[in-house]
Amino acid sequence: MPVTKVLTAGIGEANLRDISVYKQRGGYKQLERAMRTMTPEQVLEICDKSGLRGRGGAGFPTGKKWSFLPRNDNPRYLVCNCDEAEPGTFKDHQLLEEAPHLVLEGILLGAYGINCHHAYIYIRGEFKRGYQIFMETVEQARKAGYLGKNVFGTGYDLEITVHRGAGAYICGEETALLNSLEGKRGEPRLKPPFPAVAGLYGMPTVVNNVETLAYLVPILENGAEWFASVGTERSKGYKIVSISGHVQKPGNYEVPLGTPVRELVEIAGGLRPGRKLMAIQPGGGSSACIFEEHLDLPYDYESMAKAGSMLGSAAFCVMDDTTDFVKAAFNLVRFFAHESCGQCTPCREGGHWLETVLHRFVEGRGLQSDLDMLHKVSHEITGINLCALGDSIEPFLASVLKRFPEQFEARVLKETALPA
Amino acid sequence: MNFPVLLEKLRPQCEAIIAQYEQPRSALLPMIHLFQEHEGYASPEAMRAVAEMLQLSLAVVESTVSFYTLFFRKPVGKYVLQVCRGLACQLNGAEDIHAYFRERLGIGHLQTTADGIFSYEEVECLAACDRATCMQVNLEFVYDLTPQMIDQMLEAMRTGTFEIPPMAQTQEPGPTWIVRQDTQVSHGGKSIGAVDQPNPNNAGGLDKDGVIMLDRIITQEQRFRGRTKERLANVEPSIAAIVDQNGSAH
Ligand SMILES: Cc1cc2nc3c(=O)[nH]c(=O)nc-3n(C[C@H](O)[C@H](O)[C@H](O)COP(=O)(O)O)c2cc1C
Ligand code: SF4
Ligand code: FES
């Protein structure tokens, strides 16, 4: 089975929080090599050639994102997105706590690659322990001379600020994150301009996920071809998949992109004995479900999109025949309604009222007219919002409503008059 | 410790935080975190002090603080129990765990016990779904919950022997720490025109169950000129092309 250990190597075996352990395993060598012997452009080129795509959810090619920055020496920023809160995703949390030096080296490499002198990491407020671990990590690295003024005697200054959020899923959206980092309410900005043009403090900014940046280290070590030779045509390299739900051994598993969906279920210990697979949510709370007939698809960006879903943050939630899909749909809609920042009417009102209506179903008081309405409304609140949260309310609901209509119909009140 | 004394004690730390950022306002969240650690909540005095140090209006600070669910705007219990209600936890029995907590504590979501020891909240996915069902106590994780564990934990908290330290508690907590949920301004039972609105066609047109509001979202002519992707294509064609190739650009 294709479980590989690249970023996850050593986790659970060695104390990677200790800088001397990390260094023994080759840590900070790539940063030193890059800063001593390579130009930022060469780092960017390797990143681009590797085919690395953003691991935060959108899958945008990382090298391309970096190349949108204006080519001049004006201030620019790199922000590492460690706000991980997409339902079902728990990879960044583990990397932060168990491999913090790898995360830091990745951030510093990324910062050098875009020629920036001040990087930020935005850590989810709930990760208080992870925040403390990372503060300690930064101190260790500073003492060793890997950041600060004149790193490795190259004349390059590189600073990092560790910032902690305070409980808001929406701050994972990159422009909301920037607002939050500026000390404002975490409300997404209207795009364009994109952060590459006007981001943090109005300056060109790259926002990258923790896992994306961490992969820079092995890519620099083994070369762009090594990474690009794994995976499928347009989904290159490895990916940490957070497998949860009705499997026997939930956890983070690192695999080549394109590993068949069926194998992912098996890697995580398979279903409990005697249970039948009903659905898999393959890309976090925002994604539509895939089903039995998709088990042989390769798990990559294109195949998931073709199946009507997405790879997203690679949170892979398995549901067996004990699942109440009405409750599951209510659960996720409630999540998005709760986390909506409230700027856009379709997202704010749509999410809230969908939650209300679905709650009726959970209680067995659904209306016949609700059923048609659910089909229509879920489509109509997408595509017209400021950010992708508004578009995330619908996919799971729509997919299970279509697949398991009987579960919803069974919750319709027999007397279908509107309550006064 | 009264507030002016605390403020003088924390002032150097605040100044160090401000110095970390290119613009002082970025220090707002970390400073509120700092005061909350010492006072157990984001007190009005703390918000005023932060406003003064950052040269912002109190309204700006309050509005920002109120956006974030981890800032408590009223005092809370010694142990803030935040139990996950995310989907992966739900699939693994979170509802039973919630019911058990509610029964043992005698309170519900967003409430504090009368003795001021426990505050209870059901929270969204905590990014530890492989250890479902899980929770945080004063932001430290507790994994793989069972009723027996919960009993032992609550008992240890009552007797003050629990391994996770209690929150600072400078004030008696009330029944909840929510002043007013932001979202209630716009919808829910409290929005203008929604409070038992007798005529759903008036004032926002919400009826008690939301049917009419949803109907309107469906049938109303769309206000935006086109959907996000098309709007993008008009303004920045180069990016829109890449978006089409590779999925969304956010
Ligand atoms: C509602 C919402 C929440 C998001 N949450 C996260 C998150 O927690 N972590 C993350 O890396 N990206 C998140 N994203 C995606 C970011 O906006 C952004 O695309 C990403 O951080 C870019 O990094 P990448 O190119 O390395 O993937 C979120 C997007 C949306 C719309
Ligand atoms: S879509 Fe929702 S979360 Fe995103 S900006 Fe609009 S209201 Fe806020
Ligand atoms: S669903 Fe509970 S931690 Fe993710």
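Where in chain A does A:Pro193 lie? A:Pro193 is in the loop between H8 and S5 of chain A. The model described here is predicted.

## Overall form of chain A

Chain A contains 18 helices and 9 strands. Its radius of gyration is 22 Å, close to the 22 Å that the globule rule gives for 420 residues, so chain A is as compact as a globular protein of that length. The C-alpha trace of chain A spans about 80 × 45 × 35 Å along its principal axes.

Of the 420 residues in chain A, 64% count as buried. Among contacts in this chain between residues at least 6 apart in sequence, 70% join residues at least 24 apart.

## The loop between H8 and S5

Helix H8 covers 174-181 and strand S5 covers 205-209, and A:Pro192 is placed in the loop between these elements of chain A. The bond from A:Lys191 to A:Pro192 is cis, with omega near -10°, and the bond from A:Pro192 to A:Pro193 is cis, with omega near 5°.

A:Tyr201 is in this loop of chain A as well. A:Tyr201 is not a glycine, yet has a positive phi of about 50°. With a relative accessibility of 11%, A:Tyr201 falls under the 20% limit and therefore counts as buried. As background, most residues other than glycine have a negative phi, and most peptide bonds are trans.

## A positive phi in chain B

B:Ala127 also has a positive phi, about 60°, although it is not a glycine. B:Ala127 is found in the loop of chain B between strand S3 (118-123) and strand S4 (135-137). The relative accessible area of B:Ala127 is 1%, so this residue is buried.

In soluble globular proteins, nonpolar side chains tend to be buried together. In this model the largest nonpolar core has 85 residues, and those with the most contacts inside it are A:Leu374, A:Phe396, A:Phe408, B:Met31, B:Ile32, B:Phe35 and B:Tyr68. Helix H13 (residues 325-339) of chain A supplies the largest share of this core, 9 residues. A second, separate core has 67 residues, including A:Ile11, A:Cys47, A:Ile107 and A:Leu147.

Leaving out residues up to four places away in sequence, B:Phe35 touches B:Phe3, B:Leu6, B:Leu7, B:Leu10, B:Cys14, B:Gly40, B:Tyr41, B:Ala46, B:Val50 and B:Met53.

## A:Thr161 and chain B

A:Thr161 belongs to strand S4 (residues 156-164) of chain A. At 2% relative accessibility, A:Thr161 counts as buried. The side chain of A:Thr161 reaches the backbone oxygen of B:Gln20 at 3.3 Å.

Setting aside neighbours within four places in sequence, A:Thr161 is in contact with A:His118, A:Ala119, A:Tyr120 and A:Ile121, and also with B:Gln20 and B:Tyr21.

## Helix H5 of chain A

Helix H5 (residues 91-98) of chain A has 6 of its 8 residues buried, so the helix is largely enclosed by the rest of the structure. The buried residues in H5(A) are A:Lys91, A:Asp92, A:His93, A:Leu95, A:Leu96 and A:Glu97.

## Surroundings of ligand 2

Ligand 2 is surrounded by 13 residues, of which the closest are A:Cys341, A:Gln343, A:Cys344, A:Cys347 and A:Cys387. The shell around ligand 2 divides into 8 nonpolar residues, 5 polar residues and no charged residues.

Definitions and conventions:
Residues numbered from 1 in each chain as written. Chains lettered and ligands numbered in written order. Heavy atoms only, no water. Helix = DSSP H or I, 4+ residues; strand = E, 2+ residues; numbered from the N terminus. Buried < 20%, exposed > 50% of the residue type's maximum accessible area, 1.4 Å probe, protein only. Near = heavy atom within 4 Å. Nonpolar A, V, L, I, M, F, W, Y, C, P; charged D, E, K, R; others polar. Core = buried A, V, L, I, M, F, W, Y, C linked by side-chain atoms within 4.5 Å. Contact = heavy atoms within 4.5 Å. Polar contact = N/O pair within 3.5 Å; in protein donor to acceptor, adjacent residues only side chain to side chain. Rg over C-alpha atoms; globule rule 2.2 N^0.38 Å.
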